[in-house]
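Load the model and keep the selection panel at hand. The tour below goes stop by stop.

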Amino acid sequence: MLDAALDRDAEGDLLLGDMGQGIPFKPGSFDGCISISAVQWLCNANKKSDIPAKRLYRFFSSLYSVLVRGARAVLQLYPENSEQLELITTQAIKAGFTGGVVVDYPNSAKAKKFYLCLFSGPSTFLPKGLNEIDEEEEAKESTFTNERVPYKIARRGVVKKSREWVLEKKDRCRRQGKEVRPDTQYTGRNRKPRF
């Protein structure tokens, strides 16, 4: 990436370094920090002497010192598992940061993104993550209780053996893949009693 920047005659200074060894800048040099898909690589040990927790702490403590008080750092990451995410957030808090993790599209397998939002100083509010719900649709929330709702109340209005009940049951069987007779004008009709 540095060679590509040199080929393009990029403005500014270029620096090659290992962020696990710390960030080599004067304290209070930056107003903010953005990182995309880099922090999780500190959890991998390339040598026997590499200890992921120490490398993460060294990175976060040096990042905390180079940021001015009240600055923000947003680090996008893709943790392999929850233990890795816990290790990263623990080391960030240990270094003095406040903040937390924001997840965009939490129910998606491909679009899920983790953002570690850190504040060097008094914590402000965390931004909300993005969801797959359109603006037109309203989010439907469920309330959980320990009470059981009786089956009759849950299906209020549908009388057993009525035409609606029969049609609903036939639809349920079709969804389960069962073979069901087609609906006709005689479906669910009352029959005469036979002796």
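This is a predicted model: local features need pLDDT of at least 70, side-chain atom pairs count only at pLDDT 80 or more; totals for chains, interfaces and linings use all residues.

**Stop 1**

Begin with the largest nonpolar core, a set of 22 residues in which Phe60, Leu63, Ile88, Leu116 and Leu118 touch the most other members. Now colour by element: helix H2 (52-66), strand S2 (67-77), helix H3 (82-94) and strand S4 each supply at least two residues of this core. H2 gives the most, with six residues.

Stay here and select Leu118. Which residues is Leu118 in contact with, leaving aside its neighbours within four places in sequence? The list is Phe60, Ala71, Arg72, Ala73, Leu75, Ala92, Phe97 and Thr98. Phe60 is also one of the core members that touch the most others.

**Stop 2**

Next, select Leu130. It sits in the loop between strand S4 (113-120) and helix H4 (151-154).

Show the contacts of Leu130. Beyond four places in sequence, Leu130 touches Val103, Asp104, Tyr105 and Pro106.

**Stop 3: two positive phi angles**

Move to Tyr105, one of the residues Leu130 touches. Tyr105 lies in the loop between strand S3 (98-104) and S4. Check its backbone: phi is positive, about 50 degrees, although Tyr105 is not a glycine. With a relative accessibility of 27%, Tyr105 is partly exposed.

Then select Ser37. This residue is in the loop between strand S1 (30-36) and H2. Ser37 is not a glycine either, yet its phi is positive, at about 55 degrees. Ser37 has 26% relative accessibility and counts as partly exposed.

**Stop 4: Lys170**

Finish at Lys170, in helix H5 (residues 163-175). Why does this lysine count as buried? Its relative accessibility is 13%, and buried means under 20%.

Where does it reach? It comes to the backbone oxygen of Pro182, at 3.4 Å. Now select everything Lys170 touches, again skipping residues up to four places away in sequence: Val180, Arg181, Pro182, Asp183 and Thr187.

Methods
Residues are numbered from 1 along each chain as its sequence is written. Side-chain values use heavy atoms; hydrogens and water are left out. Helices (H or I, at least four residues) and strands (E, at least two) are DSSP runs, numbered from the N terminus. Contact means heavy atoms within 4.5 Å. A nonpolar core is a set of buried Ala, Val, Leu, Ile, Met, Phe, Trp, Tyr and Cys residues joined through side-chain atoms within 4.5 Å. Buried means under 20% relative accessible area, exposed over 50%, partly exposed in between (1.4 Å probe, protein chains only). A polar contact is a pair of N or O atoms within 3.5 Å; within protein, one must be able to donate a hydrogen and the other to accept it, and residues adjacent in sequence count only if both atoms are side-chain atoms.
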